[in-house]
Structures are given as C-alpha cells and as structure tokens.
Amino acid sequence: MLKRIPMLAAAGALFTVMISVLTGQLYITAQAADTSTTGVTSVKSRMDSFNSGVASILTPSYNISDNQSVTAASTETSYELAMVNVENTLNVRAEASEDSLVIGKLYKDCGGVVLERKDGWTKLQSGNLVGWAKDEYLLFGDEATQLANEVGYPVAVVTTNAVRIRAEASFDAEVLGYAAVGEALTVVSEVDDSWLCVEYGSGLAYVHREFVSEEYEVDCGETLDDITEREMKEEADKNKLSTYYGSMSSSEYERMLLAALIYCEAGGESYEGKLAVGAVVCNRVRSSGYPNTLQGVIYASGQFTPAKSGRLDQVLNSGNIPQSCYNAADEALAGYTNVGSAVRFRQNNGTIDGVVIGNHVFY
C-alpha cells in the first residue's frame, strides 16, 4: 500500500482541494507549493509524493466530441481546508447561529473547503453540503493538513478524455476497460514511476500515471436529503437481503459449535455481524458446493481460521460463549439470513464487492 506522506515542513502550506461534480467527494491533490523559488512546482514533478499544495477547484468537462482529446479543466482559487474534530457527528446549519436550522451533518474525519468565517463560525462546502459549523469543532491549517494526511486514502482521478485500464503494468497488456475524465480509481499501490495498481471491479488493474492526477480522497458530509435517501436505500437493500430459507435441523452440539464459531469470527462485531457469519455457514450447508453438515462446513480444510488454529475447540471446551452468539446461531439455523445467499466473508479492505457489516464484507 502507499505510504503516508510526511507533512510539509513549510508552515501554512495549502492543500489543493478538488471536488468532483459526479461524486461530491473532496480530493487533496499532489501539487505542492515551492517555498524556495517563485511560482508553483509542476504537478507531474510531485505526483509520486502525494503532497499537499496550491488550492483549486476541479470541474470535469463531459461534453466531448469524438475527435477531441481534452483534460479536465480547472479554475485556480485559494481555499483553506477544514477538517472535522468530533468523535461522532457535527451539525451544519443554514446560518452562523445555534438557533439556525440544521441542514446537514459532518462526520468524524470529514473535510471541507472554507468559504467564509465570522464570529467563531465557518461556512464550508463538503460534497453537496454547504453551511455553517462552529470553529471549536473544526481544525484548520497545519492541524487540518495532518489529520487529512492520516485519514485520507489515495485515488487516481482521470484527467484525459478516457484512459485504458490494463491487466498488467504495460502498454502491451490487455485492455480491461476504460475510465472517463473525472472518474476516481482507488489506488492499491505504486508499481513504479509510470504505473499505479488500482481497484477495478472485484479485482485489480493498472493505469498509467501520465493520464491521472494522484490525490487523497477525504470523506464529505451529507445534507438532510442525502441522509434520508441513503437510509431509504440501506433499508431497501437490507430487506432485499433478509429472507428465510427454512429451518435447518441441528443437534445441541451443532448449535453450540455454530455459536462458538460466530464468537471466534465475530465476537467483537454487532449482532447483525454475528448473524451474518452464522448465515454464511448455513448457506454453505444448503449449497451443493460445500459439505452438507455444519461440522463438515466448519471443519473443512482451509475455510475457517479458528477451526484450523484450534481456537474454536478451545472455546467449545471452555463453554464460555456469549448469549448473543447463541441467539445469532439460533436465527441462522432457523433459516434467517441478512446477507442473502452469501457463502463467503472476509475482513473488509475495500477490494471486494459485497455486503459490508462492521469490519467484514459478505459475498
């Protein structure tokens, strides 16, 4: 993975802030201010550093004729970065007053660009959200820079009409597809000075650095309408994945075995996360691609790490299994699933498409 870049030594250095009109995400680009000479260091000369720099807003151009070869246009304007300094959420208001209407929320580690400041309040833009927040809950200057550097994650934003996504880091490699101007690809690693490894679909691919701008993406806030829309979609997705397949006969030992596995794999997760692990095990029992018993599925070679390491047997022998794990096992054995027909799960690192619950992705 890309290493976090060191902070700029020069105090007061500005981030380059870029807001995609497609995603509403906040990007911090690689361009850096050169304090030793006049002018600005070129973007290309600092691409591999992912450093902070001169502020600008990027508005991609999308009306492109077939014979045009263009790059995303930008208008350079000085903007200061602000980062949220709260544990959970921060209300954003229509005016600079605690009596003003709440119009949206910023979350921990979100960022925005400063539009105006007065009387201990800051008007900022974070994605689609534009409003006022109290300064006491925000970070500015070097503190904002440091936090953004810690919590942002690297992306490659396409700067040409279209860029070829390749199967290998070579111009001779197979073309897997294309990415349009303004599209952001999550960077997995730097291959060399010329190529980046990026996420593409459910796998990995490669893009040439000449055709992208390397940036850090920082999470943005949500308007109240955004929140309502997201929650409705989440509920619809949950309902779509939640179903009953019919109860599965099991002995008391099998019930205890499943509860113990749930404890080993998801003891620190929410109840939904525990239930999802139980559902995956039961989905495997129902599937023709796996053994047709709980013991067969759980102890199958190379499938569940706690079974292989011996931790599962230790938990079974101790009998120290939380009631919540038994409850999740009972629901799964009764035929309930909150992850559809998923038969796999793993730690979520953003590279697998699936249902994300807590720290796991189910697919």
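Arginine 230, at 29% relative accessibility, counts as partly exposed.

A word on what you're looking at. This is a predicted model, in which local features need pLDDT of at least 70 and side-chain atom pairs count only at pLDDT 80 or more, while totals for chains, interfaces and linings use all residues. Residues are numbered from 1 along each chain as its sequence is written, and side-chain values use heavy atoms, with hydrogens and water left out.

Stepping back, the protein has 8 helices and 24 strands; these are DSSP runs numbered from the N terminus, H or I of at least four residues for helices and E of at least two for strands. Of its 363 residues, 45% count as buried. If you take contacts with a separation of 6 or more, 61% of them join residues 24 or more positions apart, a contact being heavy atoms within 4.5 Å. The accessible surface comes to about 18100 Å², and carbon and sulfur atoms own 46% of that (Shrake-Rupley method, 1.4 Å probe; for residues, only the protein chains shown count as cover).

Back to the charges: the whole structure holds 9 salt bridges. One of its partners is glutamate 190, at 3.5 Å from N to O. Glutamate 190 sits in strand S15 (residues 184–190) and arginine 209 in the loop between strand S17 (203–208) and strand S18 (212–218), so this pair ties together parts that are 19 residues apart in sequence. Arginine 209 also bridges to glutamate 214, where the closest N and O atoms are 2.8 Å apart. Both arginine 209 and glutamate 214 are buried, the arginine with a relative accessible area of 7%, whereas glutamate 190 is partly exposed at 34%. Elsewhere, Glu98, Lys134 and Glu136 are linked in a salt-bridge network.

And the cysteines? With a disulfide taken as a pair of cysteine sulfur atoms within 2.5 Å, the count is 0. Cysteine 110 is in none; its nearest cysteine sulfur belongs to cysteine 220, 6.8 Å away. Cysteine 110 is buried at 2% relative accessibility, and cysteine 282 is buried at 0%.

Terms used. Buried means under 20% relative accessible area, exposed over 50%, partly exposed in between (1.4 Å probe, protein chains only). A salt bridge is a side-chain nitrogen of Lys or Arg within 4 Å of a carboxyl oxygen of Asp or Glu.
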